[in-house]
Amino acid sequence: MKNLFYLMFIVMIIAGCNGIPSSQSDSVGQPEGKVIVDHEGYPMIIGEFEWKDDDFEARKISPSDTYGLAEEFETLTVEKGDKIKIEIDQNPSSIIVYQENENGTIDNFEIQNNEITLPTEKGYYIYEVVAKWNEGKSTYVFDLNIE
């Protein structure tokens, strides 16, 4: 019985030491990103993530490439020339969007007012969104079928 008590005590001590302090866990987290189509929000798939704030540092490297991440997102069907919005938590200082079409051509642009005007050509497109803050950066992926 005494050994069981010591074992439980040690497990509780170790478990208590393995977390982010509560003051940091409330303010630091992986910012969520959504693509807004017809006033409906769809969470983008998070690729890589880096964050450094005071004495806290976090990093997530995605095991998948852009195509693998796009497969995790439920492809949205939209009309050619439509506008969509990108919303990312914690107000990034810049957002750059990479658009890849079916033949592998990649275009990049910095978005203004969180809006993107979609291509006027039908097809399948993968979007990679890179958001940057003073404390770090994060990448997000989504895909669209434009009709």
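Two residues are in contact here when heavy atoms of theirs lie within 4.5 Å. Keep that in mind as we walk through this predicted model, beginning with a sheet and ending at one aspartate.

The sheet is an open one of four strands, in the order 2-1-6-9, and its pairing is antiparallel. Its edges are strand 2 and strand 9 (115–117), each of which pairs on one side only. From one strand to the next, the twist averages 30 degrees. As a general point, strands of a sheet pair through backbone hydrogen bonds, in either a parallel or an antiparallel way.

Let's look at one pair in this sheet. Strand 1 (residues 33–37) and strand 2 (residues 40–43) run antiparallel and are joined by four bridges. You can follow the pairing residue by residue: Val 37 has Glu 40 as its bridge partner in strand 2, and Ile 36 stands opposite Gly 41.

Now move on to Asp 89, which sits in the loop between strand 6 (83–88) and strand 7 (94–100). Is Asp 89 buried, exposed or partly exposed? Its relative accessibility is 37%, so Asp 89 counts as partly exposed. Which residues does Asp 89 touch, if we leave aside its neighbours within four places in sequence? Asp 89 is in contact with Pro 31, Glu 32 and Trp 133. Glu 32 is 57 residues from Asp 89 along the chain, yet the C-alpha atoms of these two residues are separated by 5.6 Å.

How values were computed. Residues are numbered from 1 along each chain as its sequence is written. This is a predicted model: local features need pLDDT of at least 70, side-chain atom pairs count only at pLDDT 80 or more; totals for chains, interfaces and linings use all residues. Side-chain values use heavy atoms; hydrogens and water are left out. Two strands pair if DSSP finds at least two bridges between them. Helices (H or I, at least four residues) and strands (E, at least two) are DSSP runs, numbered from the N terminus. Buried means under 20% relative accessible area, exposed over 50%, partly exposed in between (1.4 Å probe, protein chains only). Axes are lines fitted to C-alpha atoms, for helices over the stretch in contact, and angles run from 0 to 180 degrees between N-to-C directions.
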